[in-house]
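Work through the exercises below with the sequence and the model at hand. Each task is followed by a solution in steps.

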Amino acid sequence: MTSSKPHLRLRRLLGQLLDRRTLECRSISHEPRPCSSGDASGRIASFLSAPVGFAVVGASPNRSKIGNQVLRCYFQHGKAVVPVSLSQSEIEGLPCVASLRELPGNAKDYGVSVITPPSATLAILDAAKELGIHRLWLQPGAESAEVLSRAAALGLETVHSGPCVLKVLGFDEKWAAPVALASGDLAGGAVRWRIDDRCVMTLTLANSRKRNPLTHAVLEALHECLEKAKDGERDRVRVVVLESEGPVFSSGHDFADFVEEKGRTQHA
């Protein structure tokens, strides 16, 4: 009977893991702080309060490029960040998206750092307006008189012609992101897992478009990952981090499961 209740098995496994490991549950969602003025410092404060995290348009795999350094800067400070690149599928161990339209969850909840030539920045401004994105930081070199004029015409307030995010947050060039030793996805992509070289297993609820529901498949996937941490990957996992994409950590159980008979036993 207990084997048919994954939420109870998860609770029991978590208890076993906590006997010898640290379990951290982290949500990247928080309420944005309003910007009370239109000056640069106010816009920077508003930008950094993005409720979901950050996107870096023009992210690069080359560590000498600003597009890579800004990405690592966010990562270094423990901020959720998504690289946006047409040519790369992954940068610094982070999966890339090809455009702002492909950002997980609602694009308007991101702070977007733009590191592109001014000619490309113009198209990004148009996309930002369409998607309702209002937190934009044009890094040095991404702006021009035409870009700033277009931003004003679109009603977009941008951080520009000032300090780079590297200066504001601080950046250690020697810092490197954890290296993935193993990774994969389960439950049709709704759960991603990753084990890095710092003995951390990161579990990500990745169905933000449906508010990360705890479906039967997701619960089984989490159970499988925790079993892996407890037994199969015991020597490589010392910390388990549970995080989510999007503004909602999880909406809870999926009532669609109750339509079938399994809902009466799996979620009882």
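**Exercise 1.** Find the residues in contact with leucine 100, leaving aside its neighbours within four places in sequence.

Solution. Step 1: take contact as heavy atoms within 4.5 Å. Step 2: list the partners of leucine 100, which are Val57, Val84, Ala107, Val112, Ile124, Ala127, Ala128, Leu131 and Ile133. Step 3: note the basis of such lists. The model is predicted, so local features need pLDDT of at least 70 and side-chain atom pairs count only at pLDDT 80 or more, while totals for chains, interfaces and linings use all residues. Residues are numbered from 1 along each chain as its sequence is written, and side-chain values use heavy atoms, with hydrogens and water left out.

**Exercise 2.** Which residues of α2 and α3 are buried?

Solution. Step 1: in helix α2 (residues 40–48) the buried residues are Gly42, Ile44, Ser46, Phe47 and Leu48. Step 2: these pack against β2, α3, β6, β7, β8 (158–159) and α6 (165–169). Step 3: α3 is mostly covered, with eight of its 11 residues buried. They are Gly67, Asn68, Gln69, Val70, Leu71, Arg72, Cys73 and Tyr74. Step 4: just after α3, glycine 78 has a positive phi of about 75 degrees.

**Exercise 3.** Describe the largest pocket by volume, centre and lining.

Solution. Step 1: on a 1 Å grid over the protein atoms alone, a pocket is an open set of points where a 1.4 Å probe fits, with protein on both sides within 12 Å along at least five of seven lines; lining residues have an atom within 4 Å of a point. Step 2: the volume, which is the space filled by probe spheres set on the points, is about 1100 Å³. Step 3: 42 residues line this pocket, and the closest to its centre are Leu94, Arg192, Thr202, Thr204 and Glu243. Step 4: the elements that give two or more residues to the lining include β2 (53–57), α3 (66–76), β9 (180–186), β10 (191–196), β11 (200–205) and β13 (239–244). Step 5: by class, the lining has 21 nonpolar (Ala, Val, Leu, Ile, Met, Phe, Trp, Tyr, Cys and Pro), 10 polar and 11 charged (Asp, Glu, Lys and Arg) residues, where polar covers the others, Gly among them.

**Exercise 4.** Where do serine 161, arginine 211 and asparagine 207 lie?

Solution. Step 1: serine 161 lies in the loop between β8 and α6. Although serine 161 is not a glycine, its phi is positive, about 50 degrees, and at 53% relative accessibility this residue counts as exposed. Step 2: arginine 211 is in the loop between β11 and β12 (213–214). Its phi is near 65 degrees, again positive in a residue other than glycine, and its relative accessible area of 48% makes arginine 211 partly exposed. Step 3: asparagine 207 is in the loop between β11 and β12 and is partly exposed at 24%. Step 4: leaving aside neighbours within four places in sequence, asparagine 207 is in contact with Ala190, Asn212 and Pro213.

Conventions:
Helices (H or I, at least four residues) and strands (E, at least two) are DSSP runs, numbered from the N terminus. Buried means under 20% relative accessible area, exposed over 50%, partly exposed in between (1.4 Å probe, protein chains only).
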